[in-house]
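Here's a quick tour of one protein model. Have a look at the fold first, then read on.

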Amino acid sequence: MEKIVSAKNERVKQWKKLQTKKGREKAAAYLIEGFHLIDEASKNNAVILELIISEDNGDSEKIPDLDEKTVLVSRDISKQLSETETPQGIFAVIEKESTPETPILDKPYLFLDNVQDPGNLGTMIRTADAAGFGGVVLGKGTVDLYNSKVIRSMQGSHFHLPIFQGDLMEWFDLFQKENIPVYGTELNEAAVVYREIQPQPVFAVVMGNEGNGMRKELLEKTTKNLYIPIKGQAESLNVAVAAGILMFALIK
């Protein structure tokens with residue numbers, strides 16, 4: 001097994017570049033950390049390009065058998081690669097997942113418009129996975145899917161369902177061409193309480209930016225705009241919490 005102890009090693013420099021969006025795009029790969037995520041990647045046939053293990057990692061029973069791809073690194077390098085408070089001393093370089101050219105529209109979809117908080121994005125993707133959705137579409141302005149905080153929040157859900165990136169206007173047109181309803185989320189005069197919508201097997205629900213909500217041009221194209229009534233004194237709901245309520249309420 002190869003061992004690297006110098007942080008100036010070219011391989012280490014390449015791994016550290018994966019901590020940036022530019023580096024991930026150039027390499028068409030990203031870095032994951034921890035036993036759970038690596039196990040999810042392995043179980044779901046993700047392409048593991050390299051497995052990186054800290055020399056002080058004593059949990060050998062949990063380490064996948066990837067000898068030809070495994071690199072042992074010093075504790076110092078492990079610390080530099082880690083972006084968590086409690087590092088587990090194991091990382092993997094994963095090839096970016098490809099998405100189907102033609103989406104299968106037999107389950108609900110979650111559309112995200114300019115969602116900027118990594119934790120919110122990861123939580124919503126994880127919730128869509130739990131609710132049995134068919135896919136997620138990341139629209140304009142949405143945070144990078146492979147941001148390390150997004151990766152940790154998803155907990156491997158991006159291995160379970162397709163995640164697309166594109167123009168939401170085009171996705172609206174696609175769904176409406178197939179007579180599939182697209183529900184927006186905003187409290188306005190035309191909006192209805194989400195409970196008025198009957199659960200159904202196929203639809204799209206759109207969640208907007210944390211501060212500004214959905215773009216006006218998208219709101220004007222929705223089948224119906226929904227809101228969640230607030231009975232207490234809170235001004236609003238966190239977007240990921242609201243998305244969870246709607247996804248589980250609307251799916252049949």
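What follows covers the sheet, the helices against it, the salt bridges and the aromatic rings.

Keep in mind that this is a predicted model. Start with the open sheet: seven strands, paired in parallel, in the order 8-7-6-11-9-12-10. Strand 8 (163-165) and strand 10 (192-193) sit at the edges, each pairing on one side only. Strand 10 runs parallel to strand 12 (residues 224-227) and is joined to strand 12 by two bridges, with Val192 opposite Leu226.

Now for the helices. Helix 9 (residues 239-250) packs on the sheet and touches strands 6, 9, 11 and 12, with its direction at about 170° to that of strand 11. Helix 5 (residues 118-131) lies across strands 6, 7, 8 and 11, running at about 170° to strand 6.

On to charges: the structure holds 10 salt bridges.

| Pair | Closest N and O atoms |
|---|---|
| Lys43 and Asp39 | 3.6 Å |
| Arg75 and Asp56 | 3.3 Å |
| Lys221 and Asp173 | 2.5 Å |

Lys43 and Asp39 are about one helical turn apart, because they are four residues apart in helix 3 (residues 35-43). Lys43 counts as exposed at 54% relative accessibility, while Asp39 is partly exposed at 38%. For the Lys221 pair, Lys221 is partly exposed at 26%, and Asp173 is also partly exposed, at 42%.

Ring pairs link Tyr109, Phe111, Phe164, Trp171, Phe172 and Phe175 into a cluster.

Note on methods: Residues numbered from 1 in each chain as written. Predicted model: local features only at pLDDT ≥ 70, side-chain atom pairs only at ≥ 80, totals over all residues. Heavy atoms only, no water. Phe/Tyr/Trp six-rings, centres within 6.5 Å; stacked < 30°, edge-to-face > 60°. Pairing = 2+ DSSP bridges. Contact = heavy atoms within 4.5 Å. Axes fitted to C-alpha atoms, helices over the stretch in contact; angles between N-to-C directions. Salt bridge = Lys/Arg side-chain N within 4 Å of Asp/Glu carboxyl O. Buried < 20%, exposed > 50% of the residue type's maximum accessible area, 1.4 Å probe, protein only.
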